[in-house]
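Open the model in your viewer and keep the sequence panel at hand. The tour goes from the overall fold to single side chains.

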Amino acid sequence: MLRLAIKTGLAGGAVYYSREEGIWNENTDQVYERYSLALQPHLTSVKQQLPFEVPALPTSGEVCFLTKHYYNQGVKNTVYFIHRLPCYMGQWAKQASDAIKKAVEPPAETSSTAAPPASTPAKK
């Protein structure tokens, strides 16, 4: 219950903060440019401290394309999963029934009248 409350609080805080910042009212390109300009001084100071070259931030067009692309991929995969759900349910039901049958069946009995293991001849 506490875990649900923490997750709900974080999600609600993220939505509240993003709304207060005006992310939902502005054009996406304007928001990206505003945050890019705000982070630029911090990025330059971090770049100076790092011993390797840091690539430039992607342009807003690239970010929009990637966002749309991955969103569309997520929608396609979700629809594909829903389309295949009856098959998955049949497979899961069979696996569950097999597991239950295996758990319910009595263990194989080992015969107690089995011949004792052959003894090795004694060394002289």
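**Fold and surface**

Colour by secondary structure: from the N terminus on, the elements of the protein run α-α-α. That comes to 3 helices and 0 strands, taken as DSSP runs numbered from the N terminus (helices H or I, at least four residues; strands E, at least two). This is a predicted model, in which local features need pLDDT of at least 70 and side-chain atom pairs count only at pLDDT 80 or more, while totals for chains, interfaces and linings use all residues. Residues are numbered from 1 along each chain as its sequence is written, and side-chain values use heavy atoms, with hydrogens and water left out.

Next, show the surface. Its accessible area is about 11700 Å², 65% of it belonging to carbon and sulfur atoms, by the Shrake-Rupley method with a 1.4 Å probe. Of the 124 residues, 4% are buried (under 20% relative accessible area; exposed is over 50%, partly exposed in between; protein chains only).

**Aromatic rings**

Select F81, Y88 and W92, which ring pairs link into a cluster. Rings of Phe, Tyr and Trp (its six-membered ring) pair if their centres lie within 6.5 Å, and planes under 30 degrees apart count as stacked. The count is 2 aromatic pairs. One of them, Y88 and W92, is stacked, at 6.0 Å centre to centre and 25 degrees between the planes. Both sit in helix α3 (residues 60-104), 4 residues apart, so about one helical turn separates them. W92 is partly exposed, at 43% relative accessibility.

**Cysteines**

Finally, select C64 and C87. C64 is partly exposed at 23% relative accessibility, and C87 is partly exposed at 38%. The structure holds 0 disulfides (cysteine sulfur atoms within 2.5 Å).

Notes
Rings of Phe, Tyr and Trp (its six-membered ring) pair if their centres lie within 6.5 Å; planes under 30 degrees apart count as stacked, over 60 as edge-to-face and the rest as tilted. Buried means under 20% relative accessible area, exposed over 50%, partly exposed in between (1.4 Å probe, protein chains only).
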